[in-house]
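Student: I have just opened this structure and would like a friendly tour. Could you take me through it step by step?

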Amino acid sequence: MGTSKYRLHHKYDYFLLHHGGKNTVTGSCHELRINGSGILIDCGLFQGNDTRSDSPSDLNIEFDISHIEALLVTHTHIDHIGRLPWLLAAGFDKPIYCTKATAALIPLMLDDGLKLQLGLNSKQRKLILDKIERMIVSVDYHQLKNIEGRQVPSSWSLDEEHKSKEAHSVQFCFKPAGHILGSAYIEITLPNGEVIVFSGDLGPSNTPLLPDPISPKRADYLVIETTYGNNHHEDVSTRSLRLEKIVKKSLQDGGVILIPAFSVGRTQELLFDIERLIEHSINTQSTKDDFWQALPIILDSPLAQKVTKQYERFKQLWRDECLEEGSQLSRHPLSFEQLITIDSHQAHQKLVNRLASTNEPAIVVAASGMCNGGRIMNYLQALLPHRQTDVILPGYQANGTLGRQLQNGEISVVISGETIKVNAHIHTMSGYSAHADQDDLIAFIQGIPTPPKTIFLIHGEPKTKQKFKEQLQKINTLQVCNIEI
Ligand SMILES: [Zn+2]
């Protein structure tokens with residue numbers, strides 16, 4: 001993937017380097033180099049077509065880290081933190097800064113990866129995770145923080161105005177990004193007083209659980225993700241109506257509703273929407289809607305359960321409206337009584353067999369979101385041939401995944417070497433993306449009072465970045481910006 005380097009300021013030795021995640025949506029790893037010292041922003045895993053090799057040895061950190069003083073983490077998706085164990089293996093022993101919720105999620109997310117990808121046993125995983133936990137320094141949102149132990153290189157030739165000690169300090173601050181629990185964009189104040197902002201992944205507007213990101217007050221340089229820089233999402237506000245319609249229709253003919261979902265973000269939003277549907281149907285007291293009260297909602301993913309608990313724990317980070325609404329609910333969002341959680345593999349297999357033989361109605365939420373692994377596979381294998389089964393695909397389905405095959409309407413698919421006939425109904429819902437779309441990204445940029453000198457478009461396919469750049473250039477107020485792709 002190679003490193004690319006850009007000089008930020010003609011007068012100062014400030015550089016932006018990309019070690020991954022510039023022209024790809026995975027493998028995020030950026031470096032801000034200030035007078036020879038480096039700060040890393042994220043250290044993620046390459047995934048899917050971006051993968052360099054299937055061999056774990058190629059996950060080695062291939063760039064010099066001797067001058068790196070800290071790692072700042074935007075959020076816990078594996079394409080932003082997945083290479084952390086390899087960073088440690090390369091000798092990294094500096095502070096890892098992140099928000100409190102991110103600090104709580106990092107061990108959960110990494111543990112799963114170390115188990116599934118590397119097959120490490122629990123003792124080996126604990127050793128690595130304990131070390132990472134000791135290196136983590138959690139910081140509140142909006143709290144200004146100095147990089148600890150930062151050395152001022154003796155080789156500096158200093159301007160008069162930068163001779164005071166404070167002027168050498170590099171401060172940073174996490175701001176809510178609205179993407180997943182704990183997610184942040186990062187404002188970093190450079191020694192010359194200028195501010196560079198790293199967006200991390202930004203969430204879409206109007207999601208039910210997390211507040212929308214608010215633009216920074218200052219960003220002389222903006223490094224922004226463009227995953228959906230050329231897309232417009234379906235309206236989030238109407239998605240629960242669509243979900244209700246699909247659920248009601250499918251329940252009329254009985255059978256199971258399968259929802260493949262990611263463990264962080266989408267799963268919790270789906271559960272929240274389903275809970276609101278149930279609450280609403282109970283409040284309207286329509287006898288026809290009684291089935292809602294008896295409908296089992298099954299969360300069959302140990303990781304998603306643990307993450308959901310953290311969503312509960314960090315409830316103060318939810319958007320205000322949702323907390324107010326939650327306080328009026330007789331039922332409790334995300335911990336409702338109809339939620340059945342499945343832990344052990346035996347319980348999982350037993351449930352698959354039971355649903356396949358009885359066809360009783362139930363909603364099952366399980367990973368993986370693109371049906372390319374995880375417990376959802378056993379459900380699909382057993383239930384796709386049933387006409388009463390409904391599959392709701394709430395997220396992006398990448399090329400080459402079973403999810404995409406189902407979305408394309410294939411009449412038969414192969415799971416674990418067995419050819420399975422698809423008689424189930426397949427529904428696609430795109431309103432559950434955790435990413436900002438083009439309008440959200442533009443609103444974020446336009447919300448910065450003074451347009452940035454330079455905007456760096458990252459975390460996107462080259463074609464998407466080009467289209468997004470053209471879009472930005474059409475906006476009058478942004479014509480002063482230099483846009484790098
Ligand atoms: Zn993300």
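**A first look around**

Tutor: Let's begin with Leu114, which is buried, with a relative accessible area of 3%. Buried means under 20% relative accessible area, exposed over 50% and partly exposed in between, using a 1.4 Å probe and protein chains only. Keep in mind that this is a predicted model, where local features need pLDDT of at least 70, side-chain atom pairs count only at pLDDT 80 or more, and totals for chains, interfaces and linings use all residues. Residues are numbered from 1 along each chain as its sequence is written, and side-chain values use heavy atoms, with hydrogens and water left out.

Student: In which helix is the place of Leu114?

Tutor: Helices here are DSSP runs of H or I with at least four residues, strands are runs of E with at least two, and both are numbered from the N terminus. The run that holds Leu114 covers residues 100–118, and that is helix H3.

Student: Which residues is Leu114 in contact with, leaving aside its neighbours within four places in sequence?

Tutor: Contact means heavy atoms within 4.5 Å. With those neighbours set aside, the partners of Leu114 are Pro85, Gly119, Leu120, Arg125, Ile128 and Leu129.

Student: Which residues coordinate the zinc ion?

Tutor: Donors are N, O and S atoms within 2.8 Å of the metal (3.2 Å for Na, K and Ca), and water is not among the atoms, so sites may look incomplete. At 2.2 to 2.3 Å, the zinc ion is coordinated by His75 (NE2), His77 (ND1), His179 (NE2) and Asp201 (OD).

Student: How many residues apart are His77 and His179?

Tutor: His77 lies in the loop between strand S5 (68–72) and helix H1 (78–81), while His179 lies in the loop between strand S9 (171–176) and strand S10 (184–189). The pair links distant parts of the chain, 102 residues apart.

Student: Does His179 count as buried or exposed?

Tutor: We compare its relative accessible area with the cut-offs for burial. For His179 that area is 3%, so His179 is buried.

Student: How many disulfides does a search of the whole structure find?

Tutor: A disulfide is a pair of cysteine sulfur atoms within 2.5 Å. The sulfur of Cys29 has its closest cysteine sulfur in Cys43, at 4.4 Å, which is too far for a bond. Searching the whole structure, the number of disulfides found is zero.
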